[in-house]
Amino acid sequence: DKIIPTDDIEKALEYKRRDSNIVLIGERHGVKLPGFDFGNSPSQIENISFKGKTIVHTTSAGTKGIMNAKNSEEILTGSLVNAKAIVEYIKLKNPEEVSLVCMGLDALKETEEDNLCACYIKSLLEGKNVDIKKEISELKNTSGAKFFDERLQEVFPTLDFYLSTELNKFDFVLKYNNGCIKKIEM
């Protein structure tokens, strides 16, 4: 039904104390938070239906970015899995200015996967071609290498790499408005 982003772990837990039907999804440094239903791993929730549910979501970077962009006219969340839908939405709205903000590692340090997503969205907006599949493959040797490290499989399973780099799997955008994120079909 909706996603409520927060950058505050205690605030997320308070939502759950007030309503036990709330689903808590969150991580810090990739690790599922104590008291939360799920971490931020796509493979953990791949086959779970959240239809009609309210999710409270907190992450090391992304939800911090949303909370810090409150003065923006419009906030969309995005990734490679819905990049084309984001571009369609932006073209439909035809704004004078578009800012693509990469949150990176802990919202402090750039990461190749976030930069790649922004470059891909920019190239689609500008009608330019980019060898995105090659670029995704190269992530395995940079910031995506953690998904292929046997010692880190509990936190960063290999399947998560493939699920999060599946181009344009979804034809919707997630828009932040009035404290929650809603799905907009394209």
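Over the ring of which residue does the charged end of Arg18 sit? Select Arg18 together with Tyr15, and you will find the charged end of Arg18 over the ring of Tyr15, 5.2 Å from its centre; a charge is said to sit over a ring if NZ of Lys or CZ of Arg is within 6 Å of the ring centre and within 35 degrees of the ring normal.

Before going on, note that this is a predicted model, in which local features need pLDDT of at least 70 and side-chain atom pairs count only at pLDDT 80 or more, while totals for chains, interfaces and linings use all residues. Residues are numbered from 1 along each chain as its sequence is written, and side-chain values use heavy atoms, with hydrogens and water left out.

A salt bridge here is a side-chain nitrogen of Lys or Arg within 4 Å of a carboxyl oxygen of Asp or Glu, and a search of the whole structure finds 12 of them. In the bridge between Arg17 and Glu14, the closest N and O atoms are 3.1 Å apart. Because Arg17 and Glu14 are three residues apart in helix H1 (residues 9-18), about one helical turn separates them; helices (H or I, at least four residues) and strands (E, at least two) are DSSP runs, numbered from the N terminus. Arg17 counts as exposed at 52% relative accessibility, whereas Glu14 counts as partly exposed at 31%, where buried means under 20% relative accessible area, exposed over 50% and partly exposed in between (1.4 Å probe, protein chains only).

Two further bridges can be selected for comparison. Glu126 pairs with Lys128, the closest N and O atoms being 3.3 Å apart; Glu126 is partly exposed at 41%, and Lys128 is exposed at 51%. Arg151 pairs with Asp149 at 2.7 Å between the closest N and O atoms, and here Arg151 is exposed at 73% relative accessibility, while Asp149 is buried at 18%.

**Stop two: Thr63**

Next, select Thr63, which lies in helix H3 (residues 62-68) and counts as buried at 3% relative accessibility. Leaving aside residues up to four places away in sequence, Thr63 touches Pro5, Thr6, Asp7, His57 and Thr58, a contact being heavy atoms within 4.5 Å.

**Stop three: the aromatic rings**

Rings of Phe, Tyr and Trp (its six-membered ring) pair if their centres lie within 6.5 Å, with planes under 30 degrees apart counted as stacked, over 60 as edge-to-face and the rest as tilted. The whole structure holds seven aromatic pairs. Phe38 and Phe50 form an edge-to-face pair, 5.8 Å centre to centre with 85° between the planes. Phe38 is in the loop between strand S3 (31-32) and helix H2 (42-45), and Phe50 in the loop between H2 and strand S4 (54-58); both Phe38 and Phe50 are buried.

Now move to Phe147 and Phe161, whose ring centres are 6.1 Å apart with the planes at 55°, so the pair is tilted. Phe147 lies in the loop between H6 and helix H7 (158-164) and Phe161 in helix H7, so the pair ties together parts that are 14 residues apart in sequence. Phe147 is buried at 12% and Phe161 is buried at 3%.

**Stop four: the cores and helix H6**

Which residues touch the most other members of the largest nonpolar core? Of its 19 residues, they are Leu80, Tyr120, Ile121, Ile132 and Ile136; such a core is a set of buried Ala, Val, Leu, Ile, Met, Phe, Trp, Tyr and Cys residues joined through side-chain atoms within 4.5 Å. Helices H4 (83-93), H5 (112-126) and H6 (132-139) each give two or more residues to this core, and the largest share, six residues, comes from H4. Apart from this core lies another, of nine residues, among them Ile4, Ala12, Leu24 and Phe36.

Finally, select the buried residues of H6, which are Ile132, Ile136 and Leu139. Seen down the axis of H6, these buried residues fall within an arc of 45°, so they line one face of the helix, the arc being that of the directions from the helix axis to the C-beta atoms. The buried residues of H6 pack against H5 and H7.
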